[in-house]
Amino acid sequence: MSLYEIPYINLIIRTFATRFDMSRQMAYQYLQKYQGLSFLIEFYDVEHLQDTEETVDDLIFWCKKNGGQLT
């Protein structure tokens, strides 16, 4: 994991939490459970070039594929 990935992932977790009106801890747990964090790490090279809202949209799709229920 690069030096830049950690702040980026933190930003996305905060943005995700804000969109769904949940705490950052709850957002982290949700993303961990439905493999959203793995998605962010694996596709960082592409995702960090997009707008944060687009990345959250991608996360919603990815987590839903892995059993998540948030839309």
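**Salt bridges and their setting**

Author: In this predicted model, the chain exposes about 4,700 Å², and carbon and sulfur atoms supply 54% of that area. Buried residues account for 37% of the 71 residues. The secondary structure consists of 5 helices and 0 strands, and the pattern along the sequence reads α-α-α-α-α. The radius of gyration is 11 Å, close to the 11 Å that the globule rule gives for 71 residues, so the chain is as compact as a globular protein of that length. The C-alpha trace spans about 30 × 25 × 20 Å along its principal axes. Of the contacts between residues at least 6 apart in sequence, 63% join residues at least 24 apart.

Against this background, the charged side chains may be considered. Side chains of opposite charge can pair when their charged atoms come close. A search of the whole structure finds 2 salt bridges. In one of them, Arg19 pairs with Glu53, and the closest N and O atoms are 2.6 Å apart. This pair links distant parts of the chain, since Arg19 belongs to helix H1 and Glu53 to helix H5 (residues 52-65), 34 residues apart. Arg19 also forms a salt bridge with Asp57, at 2.7 Å from N to O. Because Arg19 lies in helix H1 and Asp57 in helix H5, this pair ties together parts that are 38 residues apart in sequence. Through shared partners, the salt bridges join Arg19, Glu53 and Asp57 into one network.

The accessibility of each member can be stated in turn. Arg19 has a relative accessible area of 34% and is therefore partly exposed. Glu53 is partly exposed at 35%, and Asp57 is partly exposed at 39%.

Glu5 calls for separate comment. This residue lies in helix H1, which covers residues 5-19. Glu5 is buried yet has no salt bridge; the nearest side chain of opposite charge is Arg14, 15 Å away, whereas a salt bridge requires a nitrogen and a carboxyl oxygen within 4 Å. Leaving aside residues up to four places away in sequence, Glu5 touches Ile41 and Tyr44.

Ile41 also takes part in a nonpolar surface patch of about 330 Å², together with Met1 and Ile6. Met1 is found in the segment before H1, and its relative accessible area of 62% means that Met1 is exposed.

Methods: Residues numbered from 1 in each chain as written. Predicted model: local features only at pLDDT ≥ 70, side-chain atom pairs only at ≥ 80, totals over all residues. Heavy atoms only, no water. Helix = DSSP H or I, 4+ residues; strand = E, 2+ residues; numbered from the N terminus. Buried < 20%, exposed > 50% of the residue type's maximum accessible area, 1.4 Å probe, protein only. Lys, Arg positive; Asp, Glu negative; His and termini not counted. Contact = heavy atoms within 4.5 Å. Patch = residues over 30% accessible without salt bridge, like charges linked within 9 Å, V, L, I, M, F, W, Y side chains within 5 Å. Areas by Shrake-Rupley, 256 points an atom, 1.4 Å probe, with all protein chains shown as cover. Rg over C-alpha atoms; globule rule 2.2 N^0.38 Å.
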